[in-house]
There are 4 protein chains.
Amino acid sequence: MTINVLIAGINGATANTVVVGTTLGVDRELTGGSILASLDPEQLTQFPSIEEIRFAGWDIGDGGDALDVAKKYDILPSSVLGRADAVPVNVYRPAVTAHDVEELAGALPILEAQDQVQGVRDNIKQFATASNSPSKSIVVYLAAPGKVVDQDVLDWNEGDFEVAIKSNDPRITSGMIYCYSALSEGCGFIDFTPTATLEIRALRDMAERLRLPIAGRDGSTGQTLLKSVIGEMMRNRSLKVDGWYSTNIIGNNDGLVLSRRDHAEIKTADKMDVLIPVLGYDDFDHVVDIRYYRPRGDNKESWDAVDFSGWHNQKMSFRIDWMGRDSILAAPLVLDLVRLVYRSMELERGGFQAHLDIYFKRPLGKGWRPFSHMYNDLKEQVKADSMN
Amino acid sequence: MTINVLIAGINGATANTVVVGTTLGVDRELTGGSILASLDPEQLTQFPSIEEIRFAGWDIGDGGDALDVAKKYDILPSSVLGRADAVPVNVYRPAVTAHDVEELAGALPILEAQDQVQGVRDNIKQFATASNSPSKSIVVYLAAPGKVVDQDVLDWNEGDFEVAIKSNDPRITSGMIYCYSALSEGCGFIDFTPTATLEIRALRDMAERLRLPIAGRDGSTGQTLLKSVIGEMMRNRSLKVDGWYSTNIIGNNDGLVLSRRDHAEIKTADKMDVLIPVLGYDDFDHVVDIRYYRPRGDNKESWDAVDFSGWHNQKMSFRIDWMGRDSILAAPLVLDLVRLVYRSMELERGGFQAHLDIYFKRPLGKGWRPFSHMYNDLKEQVKADSMN
Amino acid sequence: MTINVLIAGINGATANTVVVGTTLGVDRELTGGSILASLDPEQLTQFPSIEEIRFAGWDIGDGGDALDVAKKYDILPSSVLGRADAVPVNVYRPAVTAHDVEELAGALPILEAQDQVQGVRDNIKQFATASNSPSKSIVVYLAAPGKVVDQDVLDWNEGDFEVAIKSNDPRITSGMIYCYSALSEGCGFIDFTPTATLEIRALRDMAERLRLPIAGRDGSTGQTLLKSVIGEMMRNRSLKVDGWYSTNIIGNNDGLVLSRRDHAEIKTADKMDVLIPVLGYDDFDHVVDIRYYRPRGDNKESWDAVDFSGWHNQKMSFRIDWMGRDSILAAPLVLDLVRLVYRSMELERGGFQAHLDIYFKRPLGKGWRPFSHMYNDLKEQVKADSMN
Amino acid sequence: MTINVLIAGINGATANTVVVGTTLGVDRELTGGSILASLDPEQLTQFPSIEEIRFAGWDIGDGGDALDVAKKYDILPSSVLGRADAVPVNVYRPAVTAHDVEELAGALPILEAQDQVQGVRDNIKQFATASNSPSKSIVVYLAAPGKVVDQDVLDWNEGDFEVAIKSNDPRITSGMIYCYSALSEGCGFIDFTPTATLEIRALRDMAERLRLPIAGRDGSTGQTLLKSVIGEMMRNRSLKVDGWYSTNIIGNNDGLVLSRRDHAEIKTADKMDVLIPVLGYDDFDHVVDIRYYRPRGDNKESWDAVDFSGWHNQKMSFRIDWMGRDSILAAPLVLDLVRLVYRSMELERGGFQAHLDIYFKRPLGKGWRPFSHMYNDLKEQVKADSMN
């Protein structure tokens, strides 16, 4: 059995790290940063292993060989990058470019939505056919973060959505085209970025109707996860949070895109929403900034200043300076999600998967709850799925 | 019904904050920093309220009126300290001074162990008699942190202990005298400091035999709790901790005592032990420092630098600068413990109380485990105790 | 001899702290945070003492008694605030409200420029008349930070400026009205905020023509000063700065005004300009953010992350978390400036005063240079002025 | 003309970085981190260039080829380490091992002092002879940090010292043997470590008598330099320092040696002494810790928490987290010193060189003063020396 993973934005830092790091590391124990790896290995026997994954994808940029791209990023250790001369990966063209990424796509023409859907569906079929063994396919969205979408569009039902595609509605985004095409081809779909794709009623309905798992949105790699565990502790100790200031500095392409105000809006929103459900109240100041700062490269740094009150309302505070590596933290989460979504596909469990909420900044299953609760939900579901 | 709380070291910063803050704040909602307050209030109806507590205690120093002491500490807000002219509290004398606190006690003579036991027992009876209503008494140890104790002493059985008291064995510590006296008088006993008292077999056996609850050791107020929640998250995400450097700066008397190497030893040990059971491995560097730094006063600041590895063994790190207020964080935990121990007394559940482990740096119930597990144990037991 | 100090924005945090802290602290040694106080006292005998200062001012808000305002701010210690029942200070009305502060001024009508000038001049005369001794007057601008001003306006000569006043040109700002009125009345003028006032050619020319000292702009209290000293050290050690990320969080009214994008622009610019002249190159990334974060109040916190390269181009970094108190740091600088400007008035040294550059984020004398050079310039000029 | 640089402890991290980084980097512009490089290049024409340096040295350990050692340290970038197959350097044996390094030297026998002196002198002659051109030799002490030395020994005059050598006095240290041998052979001597060597009267007298320059002690690379510049700023702004807590974590051999209490003592003392002369007062709390923390390796991290008072005695604070690379910061300073000491040798300026004070934690020329003053002294002397 094989898992075909098709990644939108395959030449981006995280996607490329997943592809090259997995391909060149398959013989290593790639457990670092994986939530699945922390569970009882006996529960995981029903889940596919990383060796069963094949990668392909789409990208606006030229890219060239994946290993060359990886060397430019300089994210994986040189001991890994030196293990091969090339990592050839199918990059299907053209990549989808709807109006939401217009200014990022440069001179690329924006094709008719219907044609783009057809192209993506053809690519998915093509890649599956090229597989030597029976396979299932999963599409992972790792392309540029999107912009905010109108409520109107969020409310589209399946019929509205079809009409929008056919009439080439300019509000159709790249994410929607990938997701719609994936579901139409019987694929699971994961949105690891902050787009509105999976909040569109039409796509959620479609996933449920077709019993296809969907998971999103916006992978949670560092600051937000810390917020959720520390927030949980503050709540359990009745230490009242008065304010939480968070700033992020990052120098990769993700940071560059987010330095455009309209693209930052949705990301910042995702980062804002975590605290209220974790703390259980909303009377505190919450500021979240993301700034493009070139010297940091892919090494995302976040700094949080938290003010809280204790006994007799006395004020205290703490600060956290988190120096993560964005793609190194994201890659094992992407692999976890692929394995988990694959298992859901086998079990024909469609729609959102609440046990995957722990992976996201804006979990669309049951929504934000304390980290330990989400971890428990994952553990219990994995256990159940291993007995099925 | 009344709870008589007798505190060893009643003029210390934490004890005095508990006494004055509770006395002058009974009419306020003193929930900040309380773990109990985060639970469902309906489960707490069987637990005594703070209004039912009366305080007395022992101290080496002169002290004077508790409010005067509090004003010197300047820990509670002036809006509270200004609410009364005095907070008279019984300070029984002499306080116990065994050989472990010799150099702290100054010129005070060290009395025969047997006489000290008798004195403490008399004080406990005296205070209970002065109560207008039926009452139970609890002794809380909040005096100076002790030194390391010989394995020999830890292994004493009840008979050995009696002999040691009678023969005035110099290895008898102040903590042991308070605990032994408390249990002899039918009181619960809480050790909120890093002493070896509750690890002495004789005293544990005695508590079980007499069905008296004991709880300890070393209240967990800041850095250690953070370690336990963040350590839990690191484990759940398979982020391998390579090293954890912790330093603490504090300028109160606690800090001064801990600046003596022999007294620091046991405290540092307590702070060291948390990570291994939480992380589930021990191949990492762990450094814990405590330094006396006068400008900080009671505002304990801790700084942690944590190094960890993720996917493909890539190195990352984070730092936490925690600016707590030692006594403000400790006070509500002491009050929680008093209420919880009282309920255990009512239920005649003797010995260590595993559901209280969350309160301690070195939990003597079931030992260290992830914060969320300990929180759950507390929640479940409180629920059970509220239905009893 | 008396110094009449008239402050625009007298009810703001810094101005009020200056007025109340000086009035109630005149008998104390108010040297903390003063640069002048670090110089040889013998050089200062020709400079006026703080006792010789009398305060008055203007403000949009109602204010009431200065001590009441100070109690609301809660910036000065309660031991000082409790020393008197009231600190009555003349607040002249109406305050100037030109178009640049329209949205801050609320419902206040915007009067004709000419009338506003007349009003301010009358107030200055009035206050001088009320003095019992011969006096000189200085106007200090401490009102809301302004917006960016057109190049056109910067280039106005004295004639253009007169025409603009007479024709009620909407580009006239509050700062210009105060400065023009001050100079017309023979006063020195200090701009402690980030406005374009003193960069208008007409006003600079006027100050030189009339031999009146002017000083600005934008008092340097924390982060910028640190940048200048650390930047100087980096340069002297040939440690190449690759990037400097600075964020500021502040919860006072200054922060609120700066949270409006148009008002932040000029402030951020002032904070940006310091590094290039200090380092001597411009090929580095420099990001400066200011965010309104209510829990901080007047306690401005700034966090800097600095990346640099050393031998063999190896990368290193450091971070600084500065927890200052904005008004407490600013007040002694304002007093220093008043004393220094007064001395320049006595010596009839008009125009910008290069030795005052050390006090400003955007020094308009000789411009940014390393801190130690600016300190030396101050020292030398004070020495010269004490022998005059 | 050639400069023979003989390094005691040539296989240590800093020495090896100097040797390999210089040898493989001569064709690069190695200015990063050099103080000399920040001066006017025209003043430096009289100073030797780095190309003129040849290296040899002594070490207790085996070492092997210098490039192999460098690869183990992994301090220089791989782009540099890959430029050659070997960097052969003369390592003379045996290295000096006096009683002060007994427990570090392992099983090595401790030879007679007189024989050790003879050995070192022979090595120096041997290396000079092997030079193709006329040369001068400089000995740099970079071996293990020493222990505190008795006042008695510090007071030895030249006669006492001779007697001590001849009688094999056990208080003779390795540093003394190297220095005495160097001076006897007409070499300049630099102590880049915290030993008492250059504070021994006999050796200072000898250097002056022989007109040989000596420089020390304890190279200042990170935290201490920051302290001196920031301390200077605090003083110039009359911001009163109430306390300065400094902790250092380092995982290289230097850190390991310093984790021995007796060796840490002298280093900590050097780090303590900087603040008092810079601030001009001593009524503040100063704590300095150095801890061995393996994950840091050669990347020394220091964290400082500084408390200060401003106007009306209001309390403020800041924290600095400095992440330097010990050897990368030290190497260019060592090279600067070699070039500067060489020039002093040419000018026959013996004894301590006040203009070199800026390079040291405990400057033995004129002692600690503000960074900008020391920088000025360097600049002026270099200027003078370039005109000689």
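Strand β10(C) pairs with strand β10 of chain D, residues 315–323, in the antiparallel sense. The pairing runs over 7 bridges. Within it, I320(C) stands opposite I320(D) in β10(D). The model is a predicted one.

Now widen the view from the strand pair to the whole interface. Here 55 residues of chain C are in contact with 55 residues of chain D. An interface's size is often given as the accessible area lost when the parts come together. For chain C and chain D, the buried area is about 4500 Å² between them. Carbon and sulfur atoms carry 65% of that area. On the chain C side, the residues that lose the most area to chain D are R237(C), W311(C) and H312(C). Together these three account for 21% of what that side buries.

Next, the polar side of the picture. The count of salt bridges between chain C and chain D is 0. Polar contacts, by contrast, link 28 residue pairs across the interface, with both partners at pLDDT 80 or more.

Which elements of chain C give two or more residues to the side that touches chain D? They are the helices α1 (13–25), α10 (223–236), α14 (326–346) and α15 (371–387), along with the strand β10 (315–323). The strand β10(C) gives the most, with 9 residues. That brings us back to the strand that pairs with β10 of chain D.

What is the makeup of this side of chain C, in nonpolar, polar and charged residues? It divides into 28 nonpolar, 19 polar and 8 charged residues.

Methods. Residues numbered from 1 in each chain as written. Chains lettered and ligands numbered in written order. Predicted model: local features only at pLDDT ≥ 70, side-chain atom pairs only at ≥ 80, totals over all residues. Heavy atoms only, no water. Contact = heavy atoms within 4.5 Å. Buried area = accessible area lost by both parts, 1.4 Å probe. Salt bridge = Lys/Arg side-chain N within 4 Å of Asp/Glu carboxyl O. Polar contact = N/O pair within 3.5 Å; in protein donor to acceptor, adjacent residues only side chain to side chain. Helix = DSSP H or I, 4+ residues; strand = E, 2+ residues; numbered from the N terminus. Nonpolar A, V, L, I, M, F, W, Y, C, P; charged D, E, K, R; others polar. Pairing = 2+ DSSP bridges.
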